[in-house]
Amino acid sequence: MARKKQAMALQSHKVLELKKHVAVIHSSNKLSLLQRKIANALLFNAYSALQEKDEHTIHIAKLCELIGYASHDHKSIKRALVNLLSTVLEWNLVDGERLDTEGVWNASSIIADASIDGPLCTYSYSNKMRHLLYRPNMYGRLDMHVQAKFQSGYGLALYENCNRFQDIGQTPWFNLAKFRKLMGVEEGKYKIFRDFKTRVLDMAVKEVNQYSSLSISPQLRKQNRQVISIQFVIKKPNGVLISQSNDASVTEESSLTTVLKVAFGFSAKQITEATKLYEESYIREKVNFVQASKSFKSGKVKHLARYLLSALRDDYQPAKPNVTTRSSEQLLIEHTSQQQNKSHTDIAKLTAFKRFQDKQLFELFSQLPKRSRSSILKKFEKFLTGIYYDVYLRSELENLLVRDQLCVFLKQSKHVLVKQLMRYEDWLKE
C-alpha cells in the first residue's frame, strides 16, 4: 500500500527534472550505477529545502521509484549510501582550467551522513555541498524518468556529461585521461583503448541513444595512431522529424528563430550565425523561396537546414519565365527584382565589411599589452551570457563565436580601439 501511494505521489509531478550543478556533473568519482542514481534522487528530493533544512527525509519506496529499483533487497540501498558517504567529489574537470593555474581546489563527500529507520531514510549535506548544489547558475537538466532507465553507470555518466551541451550541439574535446575520470573508470582498468572502447565507450553511447532523447556520436582525435581525446556530436531530440507541411504554428508571422528551428531544423549555433550574417528580410525571402519550391512541396528535400543555408549563401532566385514578349507587368517585376538584387549585393558587401572590421579589431586587441587585455577580458566576462559564457569557459578566445562577441563588446563599449578601424568608404575603395 505504501509503495502504491508513493507511486501516485510521483505521478503528481508534472516534470521530474533535476538542475544539477555542472561542477558535480563534471567531477571525478567512481560511482556505480546504483550510487549515481541514488545521489541524484536524494538531491532531487531535498532540492527545494536544501538551504532551509539541515536534514532531509525520503521514503525508501519513493527512493526506489525514482531510481527504477524494483528489488526488495534494501541492503543494496544501504551499501550504496555507505559508499556515498565515503566517496569524495573533486571538481570541476571541464570548466575549471583555473583550478590548476590558480591553485584553486574543491572536494567534498557527496552526503555528510545517512540513517535508515524502518521505511524512512534521513540524510544531510555538508555546508560546501549545500551552497554548491542550491540554485546553481550553471547546471545541466537531468530527467529523473530517463535516468531510471539506464542499466550501467558508464551510460548514465555519459548522459549527464552530454546533456548539458545539447543546445550547443557538441561537447568540448575531452582528453582521454580526463574522460576516464568523468566516466568513473578506475585507474589502471581498460588501459588498452580497444578494451576501453568496447567495455565503456560503445556501451555508454548505445545506452544514451537508447534511453534518452539525445542522439550522440563520438569523434576521436589521434596522434601517432593513438587516441588522445574524445568529443561527442549531439542531436536532439532523438527520432523527432521536422514536418515539411505548412504547420499552422509556424506561419510567416512566427518569429524568425521559431521558423528556423521548427520548420527547418536549425541548431542554436546555425540560428546565431545566420542571423548575424544576413538581414531578417533576406532570410525570410529565402525561407519563402524554399517553401515555394516544388521539391519542398513534394517532400523531396531531405536536408532542409542544408538547403536553406545554400539558398542564403548563394542567393537562390526563382527561375525566370522563358517567354519572348514581356508585358509591362513583367517589366515591372524584373525592375523590382533588379532592385532587390542590388539590395542583396549591398547586404553582402556590408557583411564582408563587418567580417573585415572584426578581424582588424581582434588583431588590434591582440597587440595590446597583457595587462590591458586582461582588464578588458574581466569586463567582457560580465558581458557574456548563456551559451557564449559556457563556450568562453571552455575555449576562451580560440572560439570564433567568442571572438565575435568580443568585437560586439568593444564596439558597444566604444573602446578606443574602435576609432582605429577602417571606414566603410575607404574599405570600398580598396
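In this predicted model, helix α3 (residues 33–46) packs against helix α4 (residues 60–67) at an angle of about 115 degrees, and their axes lie 9 Å apart. The protein has 430 residues, of which 43% count as buried, and its secondary structure amounts to 21 helices and 10 strands. The points below treat this helix pair, the overall architecture, the nonpolar cores, and individual residues in a strand, a loop and a helix.

**The α3–α4 helix pair**

- Two packed helices are described by the angle between their axes and by the distance between those axes.
- The crossing in which α3 passes α4 is right-handed.
- On the α3 side, the contact is formed by Leu-34, Lys-37, Ile-38, Ala-41, Leu-42, Phe-44 and Asn-45, which meet Lys-62, Leu-63, Leu-66 and Ile-67 of α4.
- By residue class, this contact of α3 with α4 comprises 8 nonpolar, 1 polar and 2 charged residues.
- Leu-42, part of the α3 side of this contact, is also among the residues with the most contacts inside the largest nonpolar core.

**Overall architecture**

- Of the contacts between residues at least 6 apart in sequence, 68% join residues at least 24 apart.
- The accessible surface of the protein is about 25,200 Å², and carbon and sulfur atoms account for 50% of this surface.

**Nonpolar cores**

- The largest nonpolar core contains 85 residues, and those with the most contacts inside it are Leu-42, Tyr-125, Leu-158, Phe-196 and Phe-232.
- Leu-158 is in contact with Phe-179, Met-183, Ala-204, Val-205, Val-208, Ile-216 and Phe-232, when its neighbours within four places in sequence are left aside.
- Another core, of 18 residues, lies apart from the largest one, and its members include Phe-264, Ile-271, Leu-308 and Leu-312.
- Two of the residues with the most contacts inside the largest core, Leu-158 and Phe-232, are in contact with each other.

**Thr-122 in strand β6**

- Thr-122 is located in strand β6, which spans residues 120–124.
- Thr-122 counts as buried because its relative accessible area is 19%, and the cut-off for burial is under 20%.
- Beyond residues up to four places away in sequence, Thr-122 touches Glu-55, His-56, Thr-57, Asp-113, Ala-114 and Ser-115.

**The loop between β9 and β10**

- Asn-224 lies in the loop between β9 (215–223) and β10 (226–235), and Arg-225 is found in the loop between these two strands as well.
- Most residues other than glycine have a negative phi.
- Asn-224 is exposed, at 71% relative accessibility, and Arg-225 is exposed with a relative accessible area of 80%.

**Phe-353 in helix α17**

- Phe-353 belongs to helix α17, which covers residues 328–366.
- At 9% relative accessibility, Phe-353 counts as buried.
- The residues touched by Phe-353, with those up to four places away in sequence not counted, are Met-422, Arg-423, Tyr-424 and Trp-427.
- Phe-353 and Leu-428 are separated by 75 residues in sequence, while their C-alpha atoms are 8.6 Å apart in space.

How values were computed. Residues numbered from 1 in each chain as written. Predicted model: local features only at pLDDT ≥ 70, side-chain atom pairs only at ≥ 80, totals over all residues. Heavy atoms only, no water. Core = buried A, V, L, I, M, F, W, Y, C linked by side-chain atoms within 4.5 Å. Buried < 20%, exposed > 50% of the residue type's maximum accessible area, 1.4 Å probe, protein only. Contact = heavy atoms within 4.5 Å. Axes fitted to C-alpha atoms, helices over the stretch in contact; angles between N-to-C directions. Helix = DSSP H or I, 4+ residues; strand = E, 2+ residues; numbered from the N terminus. Left-handed = near helix turned anticlockwise from the far one by under 90°. Nonpolar A, V, L, I, M, F, W, Y, C, P; charged D, E, K, R; others polar. Areas by Shrake-Rupley, 256 points an atom, 1.4 Å probe, with all protein chains shown as cover.
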